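Have a look at the picture first, then read on.

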Amino acid sequence: TRTPVNVTVTGAAGQIGYALLFRIASGHLLGADVPVNLRLLEIPQGLKAAEGVAMELDDCAFPLLRDITITDQAATAFDGANVALLVGARPRTAGMERGDLLAANGGIFGPQGKAINDNAADDIKVLVVGNPANTNALIAQRNAPDVPAERFTAMTRLDHNRAVAQLAKKAGVTVDEVKKVTIWGNHSATQYPDVFHAEIGGKNGFEAVGSDQAWLEDFFIPKVAKRGAEIIEVRGASSAASAANAAIDHVHTWVNGTAEGNWTSMGIVSDGSYGVPEGIISSFPVTTKDGKFEIVQGLEISDFSRAKIDASVAELVGERDEVAKLGLI
Ligand code: NAI
């Protein structure tokens, strides 16, 4: 039998945590033959609720779930961690400026990065879900100098999946016929969902949606970028289950690889590809294999796409400069 994989989840008592933990424990994160130990990190006020979630996890009698640790100590939570899902974050509250938000999250992701640096397993893979995800990931990464930078990633898979679903609807095909969609830039309203390199039902993505530039600009791009707000408005609560599903997809794809003829979107440390400044954590088209990923190279970027990518990247550079000024990186 295989040794269990240690999976750390922060914000374990939150909404996403509640939708995420049961799927990790049932084998959807890593595979149906991989046993897991769960390490749940919460703030002191969240510990009791996390205990309750752990009771329910027990009650599922998941064959793959070996052990559950609940703690408010980052060093304990990340001890020997192979996979870390950083979900808990400080939300923006009324009247909060961007600088306040970044500073509050720096107080979380800086120490967690250091705890990962000092305690995690050598093969640690980190996914940051908590917003602002890209810059939180950057803060964690810069506070973990002994961990290879590419192990820190930010989640744009929910945006990617939302784009796939919208394109399938528009083209009248099933979602598995939509391939090579890309989310570029920041997980924010400035993100750029790119259909120009997509393949839909075997055709070019843009042609498959009728080469309809107005639909693209006035419907599709804002639909994907503002979907989170739309869900809150309609459901009366945030998109926790689809976010948890995207986190599962992100790690599963990272570990198990992208399918031949397809790619995915991940927020990763830029190597300067496509003119994205080196070092920031920005979303790119990536293929994955054997637990490693590569940015898809050689895509032709139109002037329209260039302007969209540049705008989102400029926002990330602004966030990086702000956290640098605050001494967080
Ligand atoms: P939530 O408020 O229900 O849960 C957050 C949990 O994190 C709470 O239980 C809280 O006690 C805990 N927490 C706060 N600070 C912590 C710390 N320092 N260490 C450990 N735990 C801590 O929020 P929800 O709905 O689960 O969302 C979590 C985050 O995910 C939010 O930042 C949200 O904006 C983000 N998100 C990101 C998405 C993406 O696509 N990247 C999509 C949807 C949500």
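Start with one term: a residue is buried if 20 or more other C-beta atoms lie within 10 Å of its own, exposed if 12 or fewer, and partly exposed in between, with C-beta atoms placed from the backbone. This is a predicted model, where local features need pLDDT of at least 70, side-chain atom pairs count only at pLDDT 80 or more, and totals for chains, interfaces and linings use all residues. Residues are numbered from 1 along each chain as its sequence is written.

Now for His187. Because it has 31 C-beta neighbours inside 10 Å, His187 counts as buried. The UniProt record, an unreviewed entry, puts the feature "active site" at His187; such annotations may be inferred rather than shown by experiment, and positions follow the numbering used here, with feature names shortened. You'll find His187 in the loop between β8 (182-184) and β9 (192-194). Helices (H or I, at least four residues) and strands (E, at least two) are DSSP runs, numbered from the N terminus. Skipping residues up to four places away in sequence, His187 touches Ala133, Asn134, Ala154, Met155, Thr156, Asp159 and Gly267. Contact here is a matter of C-beta atoms, placed from the backbone, lying within 7 Å.

Next, the overall layout. The protein splits into domain 1 (5-154) and domain 2 (157-319), with bounds from an automatic or database domain assignment. Their C-alpha centres are 24 Å apart. Where they meet, 27 residues of domain 1 are in contact with 25 residues of domain 2. On the domain 1 side, α5 (133-142) brings the largest share, six residues. That side has 17 nonpolar, seven polar and three charged residues. For these classes, Ala, Val, Leu, Ile, Met, Phe, Trp, Tyr, Cys and Pro count as nonpolar, Asp, Glu, Lys and Arg as charged, and the others, Gly among them, as polar.

What about the ligand? Of the 27 residues around it, Gly11, Gly14, Ile16, Gly46 and Gly88 come nearest; a residue belongs here if its C-beta atom, placed from the backbone, lies within 6 Å. By class, the shell has 14 nonpolar, twelve polar and one charged. Both domains give residues to the shell, so the shell lies between domain 1 and domain 2.

The largest nonpolar core has 94 residues, and Ile116, Val129 and Ala247 have the most contacts inside it. Such a core is a set of buried Ala, Val, Leu, Ile, Met, Phe, Trp, Tyr and Cys residues joined through C-beta atoms within 7 Å. α10 brings the largest share of this core, seven residues. Domain 1 and domain 2 both give residues to this core, so it too lies between them.

Most residues other than glycine have a negative phi, and most peptide bonds are trans. The peptide bond from Asn131 to Pro132 is cis, with omega near -10 degrees, and Pro132 sits in the loop between β5 (125-128) and α5. Two residues other than glycine have a positive phi:

| Residue | Phi | C-beta neighbours inside 10 Å | Class |
|---|---|---|---|
| Ala61 | near 50 degrees | 7 | exposed |
| Tyr274 | near 55 degrees | 19 | partly exposed |

Ala61 lies in the loop between α2 (47-59) and β3 (65-71), while Tyr274 is in the loop between β12 (264-269) and β13 (281-289).

Terms used. Contact = placed C-beta atoms within 7 Å.
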